[in-house]
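Please look over the sequence and the structure shown here first.

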Amino acid sequence: MTQKALPLSLISLKYFVALAIASLATSALPIEASVIKSYTTHASSQKNQLIQQLQLPDNGAPLGRRRGGTSRNDCPALKIPVTALVPGKERLDNIQGSISFLASTISEHPTFWVYVPELPNNIRNGEFILQDEAGEDIYRTFLKLPPVSAFINITLPSNPQYSLKIGKKYHWYFKIYCGQPEAEAKYFYVDAWIERIALTKELDIRLKAAKSQRYLTYFNQNIWYDALTDLGKLLQTNSQDNTLKTNWVNFLTSIDLPDIAQEERNFGYFGDFMGESKNNKK
């Protein structure tokens with residue numbers, strides 16, 4: 001089947017989120033993040049033949065909240081919800097067979113992706129939180145959000161205390177505060193789960209052989225976080241590659257996010273975030 005090229009305009013940029021920890025005894029740690037502006041147009045409904053459906057965990061694995069509802073009823077309505085770019089299906093109350101929001105990585109310090117829609121002018125404060133299975137904080141940081149709809153990716157700092165352990169599951173949250181981030185603040189949020197798996201010798205050989213198409217190897221091995229991150233980074237440095245652009249759309253469509261996948265992406269807007277590391281519980 002012939003793929004229809006998508007008229008996307010992608011620009012590469014990269015920046016770092018500084019972690020301000022003035023009140024803590026530890027030193028400031030860098031966290032890398034990117035923001036990708038989006039705009040609406042028509043996207044191809046065709047699937048890349050190389051991309052198969054992800055094999056997700058059986059029912060009973062941890063569930064999450066992929067679409068960003070509100071924690072209080074008086075947050076403003078959004079045309080498109082805040083969305084965690086993770087595989088899974090929203091669970092209906094008391095319905096069996098729901099698919100988990102648990103996906104895999106081989107990275108010690110993985111990258112997490114969220115779609116943030118255009119927000120009211122007075123809403124700019126976000127927060128990312130990573131916890132262990134017991135609900136204890138491993139990492140959290142505040143973010144200043146961009147004035148336009150965007151994809152945001154947040155990479156854990158490359159410090160040992162933030163490293164994911166093989167075979168362990170971790171719970172992450174992304175919040176957008178409707179006011180100032182404080183104890184009783186109202187917010188939108190999404191949450192999902194991640195598990196680090198071991199890099200096998202066979203997978204290592206496949207990744208080296210795949211070269212610039214490692215994202216397809218990750219995808220076909222059900223390693224979602226690394227698949228999306230590898231593809232996203234390639235798009236930032238190969239902004240006119242139609243195959244990459246089509247696969248980005250197909251990746252999101254494959255995890256049942258057609259409303260987001262059917263928008264073409266402009267990777268040209270980047271903003272500066274200021275992050276603050278905290279050790280408090282959620």
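## Basis of the model

The model is predicted: local features need pLDDT of at least 70, side-chain atom pairs count only at pLDDT 80 or more, and totals for chains, interfaces and linings use all residues. Residues are numbered from 1 along each chain as its sequence is written, and side-chain values use heavy atoms, with hydrogens and water left out.

Helices (H or I, at least four residues) and strands (E, at least two) are DSSP runs, numbered from the N terminus. Buried means under 20% relative accessible area, exposed over 50%, and partly exposed in between (1.4 Å probe, protein chains only).

Two strands pair if DSSP finds at least two bridges between them. β7 pairs with strand β8 (residues 137-144) in the antiparallel sense over 7 bridges, and Gln131 has Asp137 in β8 as its bridge partner. The two strands form a hairpin with 4 residues between them, and Gly135 in the turn has a positive phi of about 85°.

## The disulfide

A disulfide is counted when two cysteine sulfur atoms lie within 2.5 Å. A search of the whole structure finds 1 disulfide. Cys75 is joined to Cys178, with 1.9 Å from S to S, and the link is right-handed, with 115° about the S-S bond. Cys75 lies in the loop between β3 and β4 and Cys178 in the loop between β10 and β11, so the pair ties together parts that are 103 residues apart in sequence. Cys75 is buried at 9% relative accessibility, and Cys178 is buried at 15%.

## Salt bridges

A salt bridge is a side-chain nitrogen of Lys or Arg within 4 Å of a carboxyl oxygen of Asp or Glu; the count comes to 6. One of them joins Asp259 and Arg67 at 2.9 Å, N to O. Asp259 lies in helix α5 and Arg67 in strand β3, so this pair ties together parts 192 residues apart in sequence.

Glu127 forms a salt bridge with Arg140, the closest N and O atoms being 3.0 Å apart. Glu127 is buried at 1% relative accessibility, and Arg140 is buried at 7%. Glu127, Asp137 and Arg140 are linked in a network of salt bridges.
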